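This report looks at one strand and its neighbours, and then at a pair of helices. Please keep the sequence and the model in view while reading.

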Amino acid sequence: LDRIQCGSVAESVVRKAPVPVLLFRSQVRWPTDRPPRILVPLDGSERSATILPVVAGLARPLHPVIELLHVLEPVAPEPYLDRALSLPGESAGSAEARDYLQRAAAPLTAQALKVECAVLEGPAVAMITSHAADSGADLVAMSTHGRSGVTRPLVGSVAEEVLRSADVPILLWRMPVAAAAP
């Protein structure tokens, strides 16, 4: 119950804070034998990319590797199909996602920041948290919609689920409503 309450308080702070919020469960130790890795999940929306200037500002003095990640979530097969369709090789969605990540990386690389890109397929939260562990991420930085009230339980939040399940510090940014694009 303590963990649920703590998570609830942290989630509430993130939903209401006008600034990025850094959350961590235990002592933070930046690596001394390699540059830190910052994993930045992007969903393709303009809103998700609002974290990039925040990450750039944080990154300049740290000289980290910034990894942009896009997760392609599986689409449920139509009821009349026996199974989901799969094609050999890279899917069109994967190629589009790579192009999107390259475009998102351009302003960061223009600032002489080291950027890597990855596209994964699967459930977003599971892919983000497992990739954070597998890639040795020291921080996950992501935007959140900051939903509250009735829409939050109905829609859910990938950011909040990552906050609950990731073993690394999380930097969450809720873009102010006034700055949101229509």
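## A buried strand

In strand 6 (residues 170–174), 5 of the 5 residues are buried, so the strand is largely enclosed by the rest of the structure. Buried means under 20% relative accessible area, with exposed over 50% and partly exposed in between (1.4 Å probe, protein chains only). Strands (E, at least two residues) and helices (H or I, at least four) are DSSP runs, numbered from the N terminus. Cover is found on both faces of strand 6: Ile-170, Leu-172 and Arg-174 are buried on one side, and Leu-171 and Trp-173 on the other.

The model is predicted: local features need pLDDT of at least 70, side-chain atom pairs count only at pLDDT 80 or more, and totals for chains, interfaces and linings use all residues. Residues are numbered from 1 along each chain as its sequence is written, and side-chain values use heavy atoms, leaving out hydrogens and water.

## Partners of strand 6

Two strands pair if DSSP finds at least two bridges between them. Strand 1 (residues 21–23) is antiparallel to strand 6, with 3 bridges; Val-21 has Leu-172 as its bridge partner there. Strand 5 (residues 139–144) runs parallel to strand 6, joined by 5 bridges, and Ser-143 stands opposite Trp-173.

Which residues make the contact between helix 4 and helix 6? Contact means heavy atoms within 4.5 Å. Helix 4 supplies Ala-124, Val-125, Ile-128 and Thr-129, while helix 6 supplies Val-158, Glu-161, Val-162 and Ser-165.
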